[in-house]
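Subject: Handing over a structure, with notes

Dear colleague,

I am passing on to you the structure shown just below, and my notes on it follow. Please read them with the model open beside you.

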Amino acid sequence: MLDEPQALDRMFQALSDQTRRGMIDRLGRGPASVTELAQPLDMALPTVMKHLQVLETSGLVLSEKAGRVRTYHLRKEALAAVERWIAERRASWNKMFDRLDLFLEETSTEATGE
């Protein structure tokens, strides 16, 4: 699932929101209940739940319910898929910049006659 383009699209869409990125940051320190995730936010609990639903649908977090408490956990392997995608792009861009540097160096050398 993590290599599917649609899954990656859902992850980036989920990460596009500042509130959800804050929740991801918080979950990076360990599991948290809905109440704990909602505490620092200035929004109604149903809105918090919608944000968490987006994160869960994207595959970035998992939830489990024990009694009346729902706890969320970060799925680090999902973040690794995002990181892998970015690293692949970075490597490609670096190769292009290296070729551009070489071209500019060769062009500069030819222009100066060295």
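**Helix 2 against helix 4**

Helix 2 (residues 18-27) packs with helix 4 at an angle of about 70 degrees, and their axes lie 10 Å apart; here helices (H or I, at least four residues) and strands (E, at least two) are DSSP runs numbered from the N terminus, while axes are lines fitted to C-alpha atoms, for helices over the stretch in contact, with angles running from 0 to 180 degrees between N-to-C directions. That angle makes helix 2 roughly perpendicular to helix 4, on a scale where under 35 degrees counts as roughly parallel, over 145 as roughly antiparallel, 65 to 115 as roughly perpendicular and the rest as oblique. On the side of helix 2 the contact (heavy atoms within 4.5 Å) is made by T19, R20, M23 and I24, and on the side of helix 4 by V48, H51, L52, V54 and L55. These residues divide into 6 nonpolar, 2 polar and 1 charged, where Ala, Val, Leu, Ile, Met, Phe, Trp, Tyr, Cys and Pro count as nonpolar, Asp, Glu, Lys and Arg as charged, and the others, Gly among them, as polar.

Before you go further, please note that this is a predicted model, in which local features need pLDDT of at least 70 and side-chain atom pairs count only at pLDDT 80 or more, whereas totals for chains, interfaces and linings use all residues. Residues are numbered from 1 along each chain as its sequence is written, and side-chain values use heavy atoms, with hydrogens and water left out.

**The chain as a whole**

The protein chain has 5 helices and 3 strands, which follow one another along the sequence in the pattern α-α-β-α-α-β-β-α. Its radius of gyration, taken over C-alpha atoms, is 21 Å, whereas a compact globule of 114 residues would have one near 13 Å, by a rule of 2.2 Å times the number of residues to the power 0.38. Along the principal axes, the C-alpha atoms fill a box of roughly 80 × 30 × 20 Å.

**Helix 1 and its two partners**

The axes of helix 1 (residues 5-15) and helix 4 (residues 45-58) come within 8 Å and cross at roughly 155 degrees, which makes helix 1 roughly antiparallel to helix 4. The residues that meet are A7, R10, M11, Q13 and A14 from helix 1, together with V54, L55, T57 and S58 from helix 4; by class, they are 5 nonpolar, 3 polar and 1 charged.

With helix 5 (residues 76-112), helix 1 packs at an angle of about 100 degrees, the axes being 10 Å apart, and this makes helix 1 roughly perpendicular to helix 5. In this contact L8, M11, F12 and L15 of helix 1 meet A78, A81, V82, W85 and I86 of helix 5, and the residues divide into 9 nonpolar, no polar and no charged.

The 3 strands form an open sheet in the order 1-3-2, with antiparallel pairing, two strands being paired if DSSP finds at least two bridges between them. Strand 1 (32-33) and strand 2 stand at the edges with a single partner strand each, so one side of each is left without a neighbour in the sheet. Strand 1 pairs with strand 3 over 2 bridges: A32 stands opposite Y72, and S33 has T71 as its bridge partner. Helix 4 packs on the sheet, where it touches strand 2 and strand 3, and its direction makes about 120 degrees with that of strand 2.

Strand 2 (residues 61-66) and strand 3 (residues 69-74) run antiparallel and are joined by 6 bridges, with Y72 of strand 3 as the bridge partner of S63. Their hairpin has 2 residues between the strands, and in it G67 takes a positive phi near 70 degrees.
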